[in-house]
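I opened my notebook to write down what I looked up in this protein. Here is the model I had on screen.

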Amino acid sequence: MNEQIALCAQQPSTAGILRELALMYAAADDLQNAERSINEALERAPDSISNLLTAGELAEAQNRIGDAADRFLKLAEVDAGFRTSHLQRVASLEISLGRFHDAMATCEAIIDFNPASIESFLFKARTAFGINRNEQAVAALRRAMSIAPRDNQPRIMLASHLASQFRTDESIELYWQAFGYEQSQQGKLDIIRSLGPLYERRTRVDELVERLKTISERDGDSRATQLMVATAYESVGDFGAAMDAVRQILSEQPRDLGLLELMVRLSEIAGEIE
């Protein structure tokens with residue numbers, strides 16, 4: 001590596017050569033010369049995306065978090081195609097610095113740049129939850145739900161948060177909304193796994209089971225009905241009732257490999273608990 005550095009250092013000091021030299025110094029763990037070289041490269045080409053990216057990454061590697069945040073903020077200005085990604089990195093660095101107010105402002109800048117993107121709101125919500133700014137997180141999720149009411153990601157994230165705050169009835173309502181929008185069978189089962197413990201808090205698991213039966217039987221799909229019932233019971237640890245639900249389908253579809261595997265898994269879990 002030293003020979004390569006020496007050869008590179010002999011070439012004309014263009015921005016590109018200086019950036020390459022900075023990367024070589026970094027690979028050789030000579031971070032002081034790496035910083036000097038990339039700064040010289042930036043003097044020659046201050047708006048170079050590759051130079052700014054290298055400078056930001058080197059600063060972060062050296063734990064110069066403030067400098068890294070400044071570099072990525074500049075990147076967001078000059079590299080519009082990846083502005084969201086750069087601003088997300090800025091927000092994360094600001095969190096590391098304890099600049100929570102600035103981080104939330106950066107999250108709002110991401111939303112302003114792409115207000116139709118649900119991911120922008122989800123990022124703000126995740127960031128806000130991470131620093132215990134729950135009200136801002138909830139507000140971001142509700143905004144996302146108003147913009148894209150059929151997108152379940154913000155709804156499920158909000159339902160999960162409300163459940164953790166023991167706002168059980170509100171959480172249940174949101175999960176049922178998500179259930180109504182969900183198209184896939186697996187997605188519905190995942191929602192049921194979240195609903196089960198909430199109904200258990202209210203000692204109303206039977207009510208959940210009856211509602212699932214009513215919904216599924218209306219659709220005329222007995223297999224889906226029993227799978228959802230089994231999932232509800234499994235989610236609250238009633239493995240015997242879950243197996244009973246699966247047995248009802250197996251009596252009609254004894255060669256269903258997926259059901260057989262589910263029965264084996266439930267049996268193993270029940271055996272381990274006993």
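My entries below go from the whole chain down to single residues.

**Entry 1: the whole thing**

First I noted that this is a predicted model. Then I asked myself how many helices and strands there are in the protein. I found 16 helices and 0 strands. Next I looked up the radius of gyration, which is 27 Å. The globule rule gives 19 Å for 274 residues, and 27 Å is well over that, so the protein is more spread out than a compact globule. I also checked the span of the C-alpha trace along its principal axes and got about 80 × 40 × 30 Å.

I wanted to know how much of the protein is buried, and buried residues make up 43% of the 274 residues. Then I turned to contacts between residues at least 6 apart in sequence. Of these, 43% join residues at least 24 apart.

**Entry 2: H2 and H3**

A reminder to myself: two packed helices are described by the angle between their axes and the distance between the axes. I started with helix H2 (residues 15-27) and helix H3 (residues 31-44). Their axes are 8 Å apart and the packing angle is about 165°. Angles over 145 degrees count as roughly antiparallel, and H2 and H3 are therefore roughly antiparallel to each other. I wrote down the crossing of H2 and H3 as left-handed.

Which residues of H2 meet H3? On the H2 side I listed Ala15, Leu18, Arg19, Leu21, Ala22, Tyr25 and Ala26. On the H3 side I found Leu31, Asn33, Ala34, Arg36, Ser37, Ile38, Glu40, Ala41 and Arg44. Sorted by type, the residues of this contact come out as 10 nonpolar, 2 polar and 4 charged.

**Entry 3: H4 and H5**

Next I took helix H4 (residues 49-61) and helix H5 (residues 65-78). The two axes come within 7 Å and cross at roughly 160°. That angle is why I put H4 and H5 down as roughly antiparallel to each other. Their crossing is left-handed.

From H4, I noted Ile49, Leu52, Leu53, Ala55, Gly56, Glu57, Ala59 and Glu60 in the contact. They meet Ile65, Asp67, Ala68, Arg71, Phe72, Lys74, Leu75 and Val78 in H5. My tally for this contact reads 10 nonpolar, 1 polar and 5 charged.

**Entry 4: H6 and H7**

Then came helix H6 (residues 83-96) and helix H7 (residues 100-113), with axes 8 Å apart and an angle of about 170°. So H6 is roughly antiparallel to H7. I marked the crossing of H6 and H7 as left-handed.

H6 brings Arg83, Thr84, Leu87, Gln88, Val90, Ala91, Glu94 and Ile95 to the contact. H7 brings Phe100, Asp102, Ala103, Thr106, Cys107, Ala109, Ile110 and Phe113. The types here are 10 nonpolar, 3 polar and 3 charged.

Most residues other than glycine have a negative phi. That made me look at a couple of loops.

Asn132 has a phi near 60°, a positive value, and is not a glycine. I found Asn132 in the loop between helix H8 (118-130) and helix H9 (134-147). Is Asn132 buried or exposed? Its relative accessible area is 66%, and the cut-off for exposed is over 50%, so Asn132 is exposed.

Phe166 sits in the loop between helix H10 (152-164) and helix H11 (168-181). With 62% relative accessibility, Phe166 counts as exposed. I also checked how far Phe166 is from Ile49: they are 117 residues apart in sequence and 47 Å apart in space, C-alpha to C-alpha.

**Entry 5: Ser171**

My last stop was Ser171, which lies in helix H11. What does Ser171 touch, leaving out residues up to four places away in sequence? I found Ala159, Leu162, Ala163 and Leu198. Ser171 has a relative accessible area of 0%, so I wrote it down as buried.

Notes
Residues numbered from 1 in each chain as written. Predicted model: local features only at pLDDT ≥ 70, side-chain atom pairs only at ≥ 80, totals over all residues. Heavy atoms only, no water. Axes fitted to C-alpha atoms, helices over the stretch in contact; angles between N-to-C directions. Helix = DSSP H or I, 4+ residues; strand = E, 2+ residues; numbered from the N terminus. Parallel < 35°, antiparallel > 145°, perpendicular 65-115°, else oblique. Left-handed = near helix turned anticlockwise from the far one by under 90°. Contact = heavy atoms within 4.5 Å. Nonpolar A, V, L, I, M, F, W, Y, C, P; charged D, E, K, R; others polar. Rg over C-alpha atoms; globule rule 2.2 N^0.38 Å. Buried < 20%, exposed > 50% of the residue type's maximum accessible area, 1.4 Å probe, protein only.
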